[in-house]
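I opened my notebook to follow a few residues through one structure.

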Amino acid sequence: MRPQDAVERALALSRADECVVIADEASTANLRWAGNTLTTNGVTRSNRLTVIALRHTAGGVAAGVVSRSAVGADGIEDLVRAAEADAAGNEPAEDAAPLVTAAASANWDDDPAETGIGVFEGVAPALGEAFAAASAADRRLYGFANHELTSTFVGSSGGLRLRHDQPTGLLELNAKGSGGSAWAGVGTADFADVDVPALAADLSRRLDWGERRVDLPAGRYETVLPPSAVADLMIYLYWSAGAQDAQDGRTVFSAPGGGTRVGAKLADLPVTLSSDPAAPGLECAPFVIAHASSRESSVFDNGLALGRTDWIADGALAALTQTRHSAERTGLPLTPAVDNLTMTGPDGGASLEDMVARTERGLLLTCLWYIREVDSQSLLLTGLTRDGVYLVEDGEVVGAVNNFRFNESPVDLLSRLTEVGSTGPTLPREWSDYFTRAAMPALRVPDFNMSTVSQAS
């Protein structure tokens, strides 16, 4: 059964007062390699059907949500009844709101989109050449490429019929040799824009830098954060920017005495952090897709149209992620989360290479990992550096230094920026399993806190 037919079947079987059904059909292709050799490849398929049954009561609307994988035609009624039973046992939902109705996608009836191993036809030969070059230099390449194409169909008893096809791809490449290890990664929609020779050349240069080792103590260092590391920090900031938690005094975005900090200045430099479903190369769903309700999302908001939102505008906090329920509580505009993130600074930002060339003495990072929250009230994070920390002196990289544990708040870091580079697509290292659509600049921080030396290598 096609996913949109499963949606129609579930809606027809529903006895609830109102019903929303979401069908996800996904196909995934992958390549993996180790020690300069392709090891595995394959294609998988999966599907999921979610039924949201709504029961009207004197006190409001109760919601029952049940989601299952691999539901065949003969299992749909059981799923619908399970959602209705869940609704029958629940109290009215605090996030209840009228369902979005009468919106339809022109391609609703088209077959689900699919990916296949052919998506890598330009990547695989380039990897072969990179493996040969690495072997000749007595170095080894490891990594993987993954491409997923998910077609999502959202229908409701009120006439909603929306569909979105989401491609999500990434390639991660790790090089190892006598100069240590180095990492590079890229997010992509279709792999047509993935430049394997450029990634491999960057890794080779970094391993060359690592041939000289320098030990440094913990401390605060002028640090150039590359776009990938910036993405990991800004994505965590974005994930922490829920309006409801801020309104309740739980986060760094809560105002002293109550309310939120929307409107407050966070950075002296005119940085902007934004999301836009139509951002070139970062396109994502232009409407809300909510499989469950939480403090940051609401099943009642399924189908709400999404547009560009500035979360930080010219250095000031401009918006927090909102459901209709939280927007009513805070009195702020409705700004649901969008599945991409872009950071920009003043026009004409420099390249990472130019920023390094203007560094008298400082550190150049590769990426961050094992990031964990220490304190929600300041959004203090801790984590480790990984796959190359380099010492820069007089505009030149002079060697690799030991790894560090860092302690930094991305919100506090914004207030201390001294330079924002040019913005380009990047892949977060830590959060690439969850968030791949990002465009970030490099950042210069005069006093990045390397709190302890790490023995990780």
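In which strand does T28 lie? I found T28 in strand β1, which covers residues 18-34, and I noted before going further that the model is a predicted one.

**Entry on T28.** I looked up the relative accessible area of T28, and the value is 13%; because the limit for buried is under 20%, T28 counts as buried. I then listed its contacts, setting aside the neighbours within four places in sequence, and wrote down G42, V43 and T44, then T115, and finally N146, H147 and E148.

**Entry on L127.** My next residue, L127, belongs to helix α3, made up of residues 123-136. Its relative accessibility is 1%, so L127 is buried. With neighbours within four places in sequence left aside, I found L127 in contact with W33, L173 and V196. I also checked L127 against V224, which is 97 residues away along the chain, and their C-alpha atoms are separated by 29 Å.

**Entry on salt bridges.** How many salt bridges does a search of the whole structure find? The search gives 34, and I reminded myself that side chains of opposite charge can pair when their charged atoms come close.

I looked at the pair D165 and R163, whose side chains meet in a salt bridge with 2.9 Å from N to O. Is R163 buried or exposed? R163 is buried at 6% relative accessibility, whereas D165 is partly exposed at 26%.

The side chains of R206 and D202 also meet in a salt bridge, at 3.3 Å from N to O. Because R206 and D202 are four residues apart in helix α4 (residues 196-209), about one helical turn separates them. For R206 I wrote down a relative accessibility of 6%, which means that R206 counts as buried.

I then turned to D248 and R329, which form a salt bridge with their closest N and O atoms 2.6 Å apart. This pair links distant parts of the chain, since D248 sits in the loop between α6 (243-247) and β9 (272-275), while R329 sits in helix α7 (residues 324-330), 81 residues apart.

Key
Residues numbered from 1 in each chain as written. Predicted model: local features only at pLDDT ≥ 70, side-chain atom pairs only at ≥ 80, totals over all residues. Heavy atoms only, no water. Helix = DSSP H or I, 4+ residues; strand = E, 2+ residues; numbered from the N terminus. Buried < 20%, exposed > 50% of the residue type's maximum accessible area, 1.4 Å probe, protein only. Contact = heavy atoms within 4.5 Å. Salt bridge = Lys/Arg side-chain N within 4 Å of Asp/Glu carboxyl O.
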